[in-house]
Every structure is written in structure tokens, then in C-alpha cells.
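Here is my note on this structure. Please keep the model open as you read.

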Amino acid sequence: MRFLRRARQVLGQKSPFRWAPNWLRARWAELRKTERITSRPYALMVEPTNLCNLKCPTCPTGAGTLKRAQGMMDMGKYRALLDEVGDGVLDLTLHNYGEPFLHPHLAEMCRLAAAKGITVHVSTNGHFFTDRAQVREILTSGLSHLKVCLDGASQQSMEVYRVGSSFEKVKEGIRLVVEEKRALGRSLPVIDLQFILMRHNEHELGRMRALAQELGVDLFDIKTVGIDDDDPDFAKLAEKYLPRDADKRRYELTPDGARLKAQVTKCNWIYRTAVINWDGSMVPCCHDTHDKHVFGNAFLDGGVTAVWQGNKYTAFRKALRTSIREMPLCKYCPEVEGFDSLYRGEEKVVR
């Protein structure tokens, strides 16, 4: 439902003659569970960088446990990527395992995609909204959805997880973004305040709702905390960060560790969304943190389409169709049909 809601935003901007043929082929392949497909992805998750300014303990980038090289996407290669598949793309997420605003050309990335009628989403830890001119540049870039993460109603609470963060800096940055958006008379981007619910901050949920209203954001997004299943300290992190209220967890604790409350039965990403890391490596989804399933490189192996339709992707689609519950990558996947209520909940802020 979230994807369809996002996609509807672009229907008035992008001619259906450009995107509909590819979308129909992709949907038909998904319905039939076809392994070798002729369509291109109609959604992209592109990682501008996997560098970050914070040290969040359950994030492999912040914790320093990321098992792949770090860097920033080259703008020439980003333009080539959009030139190749942009006409068929409806939805672009410009973040993955890093802070996107560390990329010096993020506003231009948004602008280039928006010029092709693509709905653009960015999620940030919110420490980069101090300059009015820079805020206006991002607000006028064509960005459709700006998610700002604020995981506490005080400095003391926030820095438990967002290590190295400044509560006041993020709060005042959000306030500036909202003020400038109103001054410009713009309806987009949607300003979304995300709150990750954890053991140390679950008592602040009411205060966070009030803060979202005070700041004037459009959405308040409550998300359950996720933990990297590759982390050797998974059990210790679960004990520290999972809320006391079991209804607010995505996991059930077991003698062996933890398991999701809902079990994955199918995967839509492999028919819809290409995940492209900063260096061009293409992986099945954003949960392949450490590049365990690299299908190829969008910059080195003939482009996005060649990798998307290639043998490695085809073999992976077949494996998911026949044995998805045995796939280690899918064990802790929260993108389960009907699982949204345990993963996150969006609330429209009434002002």
C-alpha cells in the first residue's frame, strides 16, 4: 500500500506512455512468478553514500561492522543510471546504509530524478538543516518525501541510540525546514518525523506526538527497532533496545535468539525494486547489508538492465520462489505481507 501511495504522486507528472509498458511487464512477471524477466525495475533504492556522521549501535555503518568498502556515488555514473532506466521508474529512494546529506550533490540527485517525473524520497538523521539557503535548495529540488529521524524527546534519551547526535540541532533544523516550506508555499516535500521505538524511549511516545505537532510536520512515523542479524551481539542488543512492551516489537525472543512475529512468504522487491549501492553493486534488497548476494555492477557490467535480467538475478528469483523461508537473508525481513503494523505506523499530524 505504501508503494502504491507513493506511486500515485507521480501519475500526474509522468506520461503513462513512458512508464506503463514496463510496469505492466513487471507486474505480469510478478503475478506469474516468472524467473527470467524482460522488464526493468520500476523502483530504485540508490545509495548516495554509506558514510555517516553518527554511531548508531544497531546500524552496521554506525557500529563500524559494515563488511564492504565505503565511499560516495559518482555523479556521472548516477546520471548514466537515470538515463538508462529513468523513463520507467516511478519511485526513487536516495538512502540506504549512510547519511545521504553527506553527499555534496544530493540536491542535484533529487533534481535530476524529479525532472524525469520520479517521486524521490530521502531519510536523514537531521543534522544538516542549519543554513537557510541550503534548506531552500533541497526544498526546491523536486524532493517528494523528507523523513527526519528523531529518536527521543530529549538529548539524554536521543543520544542512547543516536550516538554523537544533538537533539536541539535536529529539532531546530526540522523547525527551519517547516518554516521555509511554508514561506515558499510548497506542498512538497512531505515532512515526516520518524521515531524509532526502543526500551529507553518507549515512555516518550506521547511527548513525541506532541513534538511532531509543535514542529508542524506532516507525518509522524513510529518505527520498531531493527537489529542486524549478522551482529554477534544480537542477543545483547535485543535485550538493551527492544521495548519492554512486547506488542511494540517486530521480534519474538526465543532461546536461540529471536524471530520475526510474521514469516516471509514472498518477495516483491525482486520484481519491482533494484538496490544499487554507491559503487554500483546491485543486491536483492536493503537488508543485504554486507553485499552477500551481489548480482553484478550497474556501472561495470553493462548497466542496470543487464544485471536485472541476468543469470544471477534469475537464479535468485527461482530460489525465492521455491525456498524463501530457508533463505538466511530473508529470515529477519520486515517487508512481509500484512506486517506493516509491526514494522511502522504513519500518523497524519493534525494542526
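Which residues are buried in helix H4 (residues 75-85)? Point 2 takes this up.

1. **Ground rules.** This is a predicted model: local features need pLDDT of at least 70, side-chain atom pairs count only at pLDDT 80 or more, and totals for chains, interfaces and linings use all residues. Residues are numbered from 1 along each chain as its sequence is written, and side-chain values use heavy atoms, with hydrogens and water left out.

2. **Helix H4.** The buried residues are Met 75, Tyr 78, Leu 81, Leu 82 and Val 85. They lie on the same side of H4, because they cover an arc of only 115° around the axis. The arc is that of the directions from the helix axis to the C-beta atoms. Buried means under 20% relative accessible area, exposed over 50%, and partly exposed in between (1.4 Å probe, protein chains only). Helices (H or I, at least four residues) and strands (E, at least two) are DSSP runs, numbered from the N terminus.

3. Contact means heavy atoms within 4.5 Å. At the N-terminal end, Asp 74 caps H4. One of its side-chain oxygens lies 3.0 Å from the backbone nitrogen of Gly 76.

4. **Helix H10.** Now look at residues 234-241. Phe 234, Leu 237, Ala 238 and Tyr 241 are buried. These residues fall within an arc of 105° seen down the axis, so they line one face of H10. Ala 235, Lys 236 and Glu 239 are exposed on the other side.

5. **Strand S6.** How many of the six residues of S6 (residues 219-224) are buried? Six of six are. Leu 219, Asp 221 and Lys 223 are buried on one side, and Phe 220, Ile 222 and Thr 224 on the other.

6. **S5 with S6.** Strand S5 (residues 190-197) runs parallel to S6, joined by six bridges. Two strands pair if DSSP finds at least two bridges between them. Leu 193 has Phe 220 as its bridge partner in S6.

7. **Asn 277.** This residue sits in the loop between S9 and strand S10 (281-283). Is Asn 277 buried or exposed? Asn 277 counts as buried because its relative accessibility is 0%. Leaving out residues up to four places away in sequence, Asn 277 touches Glu 47, Arg 68, Met 73, Asn 96, Val 283 and Asp 291.

Notes
A polar contact is a pair of N or O atoms within 3.5 Å; within protein, one must be able to donate a hydrogen and the other to accept it, and residues adjacent in sequence count only if both atoms are side-chain atoms.
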